[in-house]
Amino acid sequence: MDAALPPSSPSPAPRRRLIQGLFLLLFLLHHDFWAWDDRRLVMGFLPVGLFYHALFSVAAGGLWALANRYAWPHALERWANESPAKPAAPAAAAPALHDA
C-alpha cells in the first residue's frame, strides 16, 4: 500500500450498518409533522414539539457516541497520524510569546 494514499475502507461491519440505519431513522423522525398543531404542554410549561426535539437531541447525541465508538475509521486516523518517510525541513523558530 502506498503510504501517500489513505487506506480504503472495507465493507461496513454489521454495527456500521446498524448505525447507518439509525441515522436514517432519526433523519425521518426529525420532521415531526404529527406535533405541529398539538398545543399540549409537557410538565405544564413545555410545548410538545419542543419536548420532542429535546428528546430527539439526546437521541442524536447518543447515536453520535455510538458512531464514534463503533464506526470510527481507525485505519484512516492511524494513516493520518503517521510521520512522513522523510522529515520535512525544520521551520524557522517562532518568537516566544512571553518570557518564562
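**Stop one: a pair of helices**

Begin by selecting residues 14–29, helix α1, and residues 48–70, helix α2: the two pack at an angle of about 160 degrees, and their axes lie 10 Å apart. Because the angle is over 145 degrees, α1 counts as roughly antiparallel to α2. Keep in mind as you look around that this is a predicted model. Turn the view and you can follow α1 as it passes α2 in a left-handed crossing.

**Stop two: the contact**

Now show side chains. On the α1 side, pick Arg15, Arg16, Ile19, Leu22, Phe23, Leu26 and Leu29. On the α2 side, the contact is made by Tyr52, Phe56, Ala59, Ala60, Leu63, Leu66, Ala67 and Tyr70. Colour the residues of this contact by type and you will find 13 nonpolar, no polar and 2 charged.

**Stop three: the core**

Next, select Ile19, Leu26, Phe56, Leu63 and Ala67, the 5 residues of the largest nonpolar core. Both α1 and α2 supply at least two residues of this core, with α2 giving the most, 3 residues. Centre on Leu63: leaving aside residues up to four places away in sequence, Leu63 touches Ile19, Leu22, Phe23 and Leu26.

**Stop four: Tyr52**

Finally, move along to Tyr52, which lies in helix α2. Which residues does Tyr52 touch, not counting those up to four places away in sequence? Show Leu29, His30, Asp32 and Trp34 to see them.

Methods: Residues are numbered from 1 along each chain as its sequence is written. This is a predicted model: local features need pLDDT of at least 70, side-chain atom pairs count only at pLDDT 80 or more; totals for chains, interfaces and linings use all residues. Side-chain values use heavy atoms; hydrogens and water are left out. Axes are lines fitted to C-alpha atoms, for helices over the stretch in contact, and angles run from 0 to 180 degrees between N-to-C directions. Helices (H or I, at least four residues) and strands (E, at least two) are DSSP runs, numbered from the N terminus. Angles under 35 degrees count as roughly parallel, over 145 as roughly antiparallel, 65 to 115 as roughly perpendicular and the rest as oblique. A crossing is left-handed if the near helix is turned anticlockwise from the far one by less than a right angle, and right-handed if clockwise. Contact means heavy atoms within 4.5 Å. Ala, Val, Leu, Ile, Met, Phe, Trp, Tyr, Cys and Pro count as nonpolar, Asp, Glu, Lys and Arg as charged, and the others, Gly among them, as polar. A nonpolar core is a set of buried Ala, Val, Leu, Ile, Met, Phe, Trp, Tyr and Cys residues joined through side-chain atoms within 4.5 Å. Buried means under 20% relative accessible area, exposed over 50%, partly exposed in between (1.4 Å probe, protein chains only).
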